[in-house]
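Subject: Structure handover

Hello,

Here is the structure you will be taking over. My notes on it follow below.

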Amino acid sequence: MGFEKVYITKAGLELEAKSRTGKAIKILRVDIGDGELTDNNITEKKLLVNKKLECKINSLQEIDSQTIINFILQQSEVDEGFYFREFGVIAEEPDTQEEVLYLYANAGNKAEFIDDKTSTAVSDRIIDIVLKADNTDNISISIDNTGVYIERKEFQQRENNLLKLINTKSNKKKVYNIEIEANWTEGTKTIEIEGIQATDEVNIYPIWSETKETRQQEKEEYNKISMIKSGENTIEIICDEEVPEIALNARIEVVY
């Protein structure tokens with residue numbers, strides 16, 4: 001992949017301004033396409049030139065002053081081969097709930113050709129977009145151009161290795177992705193997580209599904225969780241009244 005620079009759009013700058021007033025930036029997905037730029041007004045863009053595929057966000061990680069947007073380009077969803085020339089990060093406007101183009105990049109003549117799903121050469125690509133802000137509100141953005149290629153069966157292991165790497169590099173926190181199954185015992189659930197101690201501070205962050213209808217249901221169910229406590233190699237999730245009736249995905253952040 002030949003992406004050299006990622007741009008914050010005008011709409012993205014407006015989102016950044018609102019985030020400094022306490023409103024969260026919700027990242028929805030990454031759109032990719034093969035469109036060629038015909039002008040230099042990149043920051044004014046509202047859509048991709050020619051969208052070919054929508055990619056689900058795999059994870060959002062915060063390490064020190066960096067936010068890492070990780071997404072997967074799944075070859076199984078590519079019906080017809082195309083040049084991966086452009087991508088855009090799509091976010092939700094906090095006041096109107098409309099979708100806006102937050103970040104945009106175009107590789108120009110350095111685009112990489114993506115084979116269709118019948119090819120056996122490559123399965124999936126895992127891609128990181130790294131955002132870094134300093135205390136003067138300056139923001140720099142880069143992309144990991146290595147485009148890690150993996151077979152689908154290896155993905156879970158690669159994800160676990162990534163989490164271990166994050167835990168090693170951060171001297172202040174450990175991060176785990178978990179599934180909270182819909183089976184509760186008297187309003188509590190204990191989940192085994194190796195390495196957690198009873199003295200650790202534990203925070204839980206939802207990992208939302210891609211569809212709006214499912215996200216709305218997940219938000220209702222997450223509101224039933226009252227607190228989370230750490231133990232020796234375990235966490236305990238407690239619901240004071242009702243318990244979630246569906247399985248939920250979450251990111252557990254352990255501060256130590």
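Cys-239 is buried, with a relative accessible area of 5%. Cys-55 is buried too, at 1% relative accessibility. Buried here means under 20% relative accessible area, exposed means over 50%, and partly exposed lies in between (1.4 Å probe, protein chains only). The whole structure has zero disulfides; a disulfide would be a pair of cysteine sulfur atoms within 2.5 Å.

Some ground rules. This is a predicted model: local features need pLDDT of at least 70, side-chain atom pairs count only at pLDDT 80 or more, and totals for chains, interfaces and linings use all residues. Residues are numbered from 1 along each chain as its sequence is written, and side-chain values use heavy atoms, with hydrogens and water left out.

Next, the cores. A nonpolar core is a set of buried Ala, Val, Leu, Ile, Met, Phe, Trp, Tyr and Cys residues joined through side-chain atoms within 4.5 Å. The largest one has 28 residues. Ile-32, Phe-84, Phe-87 and Val-89 have the most contacts inside it. Several strands give two or more residues to this core, including β2 (26-33), β3 (51-63) and β9 (124-133). β7 provides the largest share, four residues. Helices (H or I, at least four residues) and strands (E, at least two) are DSSP runs, numbered from the N terminus.

β15 and β16 (residues 234-238) pair in the antiparallel sense over four bridges. Two strands count as paired if DSSP finds at least two bridges between them. The open sheet has three strands in the order β13-β16-β15, with antiparallel pairing. β13 (188-192) and β15 (227-230) stand at the edges, each with a single partner strand, so one side of each has no neighbour in the sheet.

Now helix α1 (residues 10-19). Its buried residues are Gly-12, Leu-15 and Glu-16. Seen down the axis of α1, they fall within an arc of 100 degrees, so they line one face of the helix. The arc is that of the directions from the helix axis to the C-beta atoms.

Last, Glu-80. This residue lies in the loop between β4 (66-74) and β5 (82-84). Glu-80 is exposed, with a relative accessible area of 59%. Glu-80 and Ile-114 are 34 residues apart in sequence and 8.7 Å apart in space, C-alpha to C-alpha.

Best wishes
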